[in-house]
Every structure is written in C-alpha cells, then in structure tokens.
Amino acid sequence: MKKILITFLALTVAATSCKDKFDEYGVNPNDPETVTAASLLTGAEVSTFAAYGGQLGRVSSMLVQQTAGTSEGSQTQAFANYTITEADVTNEWANLYNGSLNNTLTLINDYGAENPYYAGMAKILTALNIGVATDLWGDVPYTEAIKALSGNFNPKYDKQEDVIKSIQTLLDEAIVALSTAPTANKFIPGADDLIFGGNTKNWINAAYIIKSRYANRLSQSDPSGSATKALEYLAKVDSSASDMNAMFYNTGNTYNQWYDYYNNRTNYLKMGKFFIDFMATTKDPRLPFFATLDEDGKYSGTPVDDQDQTTTSDPGPAIASADSPIPLATYTEAKFIQAEAQLRLGKTAEAAAAYNIAVTSSVKRVTGSTISADFAKTTASETASSLTLEKLITQKYVALFTQIEPYNDFRRTGFPKLTANPNSSKQQIPLRLPTSQDERVNNPNATVVSDIYTPVWWDK
C-alpha cells in the first residue's frame with residue numbers, strides 16, 4: 001500500500017506537543033459530521049498557534065540564545081549543540097501542512113466563494129504558515145500542496161522567491177475579501193475566530209503588518225525596494241487596532257504551550273545567558289516579565305557552552321503563564337520594521353522616531369505600564385545620529401521574544417552579535433532546518449537539504 005506523504009494527509013493534526021491541539025480546543029475539523037466553515041477556521045488557528053507557540057518557537061529561541069537547552073541527554077540539549085536531525089522536525093512539518101494548510105485551503109476551496117470573510121482569514125493564516133515553512137526550510141510545497149485527494153502525492157517544491165511572492169498575493173486577496181460588505185457573506189465568523197472574534201478590521205491590519213514583514217525579508221537582495229514596499233504597507237497599519245496573538249486559556253488542556261512544556265519537562269529549557277545579561281545590563285523593565293528569579297533570587301541565564309546549568313531562570317509570566325498570548329503580528333513589530341526601512345533609505349530622523357515608539361510600545365505591551373523616564377532616556381531616545389542597525393535589531397530581538405522573527409533577523413542582519421556554541425561540531429549557528437525525513441523518503445520531488453548551515457534564498 002502506497003504511503004501517503006504527511007504533507008498531504010487530510011486525517012489528523014500532528015501538533016508540536018504530545019497532545020492533539022484540536023482535541024484540546026474541543027474541535028476536530030476533519031470529522032465529516034462537523035466540517036463547517038467555523039470548525040475549519042478554529043482548527044486552522046489552533047494549528048497556527050502550535051506552529052508559532054510550540055517547538056519551532058523554542059528551537060529558534062535557542063539558536064539565538066534567548067533560551068538554552070539543558071538536561072543531559074535531552075532533545076533540547078542536542079538542539080543547543082546544533083544537533084538537529086531530519087527526524088526532529090517531522091511533527092512540526094506535519095502540523096504546518098496536515099493541520100494549518102490542510103484546513104485553510106479546504107476552507108478557501110469549500111466555503112470561500114460564498115464567504116469572503118472566511119476566505120480572507122484563511123488566506124492570512126495560509127500566509128503565516130507557509131511563511132514560517134519557507135523561512136525555516138527554504139523551498140517548500142505550495143502550489144501543489146494538499147492535493148492528495150486529487151491524486152498528487154509527490155508535489156513539486158516551489159522556490160522560496162516564488163513562495164514569498166505568493167504570500168504577498170495571498171495577503172492582497174485577503175484584504176480585498178475582508179473589505180467586502182457583511183451582506184456578501186453567507187456566514188459571518190464570530191466566536192469560532194479565536195484570534196479576533198470576527199473583527200475584519202483587525203485582520204486587515206494584521207495582513208498589512210505581515211506584508212511589511214515579507215517585504216523587509218528581502219533586505220539583502222533588494223535593500224531600497226524592499227524598504228519602500230515595507231513603508232507602503234505600513235502606511236496602512238492602524239495603531240489603534242489589536243495585535244494578532246495566538247490565544248490560550250487557563251482551562252482544561254488549552255494552556256499556553258511554553259507553560260505546558262515547562263510543566264511537563266522541568267529543567268529542559270532555561271533562559272539564555274546572553275539574553276538575560278543584556279537585559280540586566282540595560283536595566284530593562286521587561287526582565288521580570290520575560291524571566292523568573294533563579295534559585296539564588298536573581299536573574300541568570302545558562303551559558304551557550306554549558307547546558308548542565310539548570311539553576312538559572314525560567315521563562316517568565318508574560319510568556320509562560322497558562323493563558324499568556326504568543327504574538328503573531330504586532331504594532332511593535334510594525335514600528336521596528338518601519339524604523340529599519342527608513343534607516344535603509346537614509347531617513348535617519350524618521351527611523352529614530354519609529355524605533356523609539358517601537359521600544360516604548362513593547363514595554364507597554366509586556367509590562368502593562370508606561371515606559372519609565374530612565375529607561376526611555378537610555379534606550380528609547382535615539383536620534384538621527386545615534387541610531388544604528390545593530391541597536392535597532394538588538395532591541396527588536398528583545399521585544400519579539402517567543403517569536404521566530406529574531407532568528408530570521410539574526411540570519412538576515414547578523415545582529416545581535418552572538419558567539420556560536422564552541423562545543424558544537426561546527427562552531428556556527430545553524431541557518432535553517434533540515435528537510436523532514438518523511439519528505440526525503442516519500443517525495444521524489446522534494447528539495448532535500450540536510451546541511452543546516454546552508455542559507456535559505458533570502459539569506460544571501
């Protein structure tokens with residue numbers, strides 16, 4: 001019996017934790033009795049939360065030393081030593097395709113014609129998930145993805161350059177769909193939309209932030225053009241709109257995945273020394289929200305070359321409480337992108353102003369309090385002559401903790417300046433994930449890359 005590629009199975013979701021995330025939210029969009037537009041949307045969102053809030057987020061945070069893999073013999077310690085194999089990423093790959101993309105593309109195909117709101121939300125979720133896939137793996141299936149039911153078990157891999165163009169097209173189409181009148185829809189999303197509760201304006205706002213993200217991703221290949229495009233999209237961003245978050249709840253099995261991970265794997269993952277030392281040195285008010293006190297009542301991180309240290313700080317309440325949201329696309333990120341784009345175009349005064357707002361908004365978002373005069377003076381009062389790309393990206397690295405973006409920014413810019421783990425076989429921070437074992441074995445059309453030090457296309 002021919003084995004169907006996991007990329008195209010339409011059966012179950014392989015989430016990044018041991019539990020099935022659809023069951024955790026009481027939704028199984030693949031049950032024929034319950035495959036409605038509402039259940040497909042909820043299922044797609046939950047799988048997206050797993051993609052961004054689960055192992056991919058943890059691994060990327062380890063690679064840029066925000067966290068550190070610990071405990072002898074654990075998988076996280078292997079990751080900390082840059083031992084990442086094709087078998088380690090099969091669940092993550094499966095969740096992106098079986099869960100997220102299977103549900104979004106089904107939602108678009110089965111309900112999109114009569115329900116532009118559902119179609120628009122599904123296209124934004126598709127962009128998010130195919131985006132994280134191409135950022136971490138490079139060339140990936142897209143145009144022929146999720147077509148097992150039509151007999152295509154061996155999809156071609158699309159070039160990353162083309163995938164990013166498709167992301168922009170998806171987001172453009174989503175904005176148009178979400179801008180239609182409510183009367184154009186047979187069904188209107190509501191509580192089934194865990195992210196925004198059906199608020200189309202917030203979805204449109206998120207789409208423009210994601211568009212700016214992928215314009216900015218091309219900073220190496222098209223410095224001025226990517227900056228101009230990013231600013232064009234950011235001009236449409238509304239500062240009063242809600243941030244786009246992965247949502248979790250302090251009930252049943254719907255916990256924040258960082259919280260759930262720590263409850264089940266104590267001491268497998270600690271805060272990283274570089275990250276903690278930087279925040280402590282700058283007297284960053286976000287530190288007690290991002291990290292807990294260590295066993296000595298202080299804030300400390302495990303060094304990149306000593307994974308045996310487990311008495312150091314754990315991730316803190318802002319990101320690892322039972323119901324802590326995980327950011328997907330935020331106003332803070334938008335302002336950092338704006339600052340970088342303007343800096344690249346030589347508009348230094350505008351860049352400094354956007355950067356200062358980015359830091360200020362991050363402090364407010366994380367702590368719930370207005371930035372102090374002292375921290376504003378030292379960190380959020382840059383001028384046209386003092387702001388540098390290193391300062392900008394390093395503060396973005398702090399602000400976007402738990403997101404995959406700091407790893408993308410590090411590969412793209414080289415900031416912050418990190419020293420690779422000297423205990424690794426190749427003393428260089430990995431530049432990608434290896435091709436999933438299932439893809440290598442079962443798909444003759446797969447672009448197979450086993451060398452995790454081979455850069456993806458946009459990382460020139």
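**Entry 1: the start of α10.** I looked up how helix α10 begins, and N256 caps its N-terminal end, with a side-chain oxygen 2.8 Å from the backbone nitrogen of W258. That is a polar contact (a pair of N or O atoms within 3.5 Å; within protein, one must be able to donate a hydrogen and the other to accept it, and residues adjacent in sequence count only if both atoms are side-chain atoms). Helices are DSSP runs of H or I with at least four residues, strands are runs of E with at least two, and both are numbered from the N terminus.

A note to myself: this is a predicted model, where local features need pLDDT of at least 70, side-chain atom pairs count only at pLDDT 80 or more, and totals for chains, interfaces and linings use all residues. Residues are numbered from 1 along each chain as its sequence is written, and side-chain values use heavy atoms, with hydrogens and water left out.

**Entry 2: who hides in α10.** I found Q257, W258, D260, Y261 and Y262 buried in this helix. Buried means under 20% relative accessible area, exposed means over 50%, and partly exposed lies in between (1.4 Å probe, protein chains only). D260 counts as buried because its relative accessibility is 11%.

**Entry 3: aromatic pairs.** I counted 14 aromatic pairs in the structure. Rings of Phe, Tyr and Trp (its six-membered ring) pair if their centres lie within 6.5 Å; planes under 30 degrees apart count as stacked, over 60 as edge-to-face and the rest as tilted. The ring centres of W258 and F401 are 5.9 Å apart and the planes stand at 70°, so I call this pair edge-to-face. W258 belongs to α10 and F401 to the loop between α17 and α18, so the pair ties together parts 143 residues apart in sequence. W258 is buried at 0% relative accessible area, and F401 is buried at 2%.

I then checked F274 and Y397, which are also edge-to-face because their planes are at 70°, with ring centres 6.1 Å apart. Here F274 in α11 is linked to Y397 in α17, 123 residues away. Which of the two is buried? Y397 is, at 1% relative accessibility, whereas F274 is partly exposed at 28%. W258, F274, F275, F290, Y397 and F401 form one aromatic cluster.

**Entry 4: charges over rings.** The charged end of R58 sits over the ring of Y261, 4.0 Å from its centre. K211 has its charged end over the ring of Y233, 4.2 Å from the centre. The rule asks for NZ of Lys or CZ of Arg within 6 Å of the ring centre and within 35 degrees of the ring normal.

Entry 5: Most residues other than glycine have a negative phi, and most peptide bonds are trans. I looked for exceptions. Q65 has a positive phi near 65°, in the loop between α3 and β1. Y82 is not a glycine either, and its phi is positive at about 65°; Y82 lies in the loop between α4 and α5. Q65 is buried at 8% and Y82 is buried at 6%. What kind of peptide bond joins F415 and P416? I found a cis one, with omega about -5°. P416 sits in the loop between α18 and α19.
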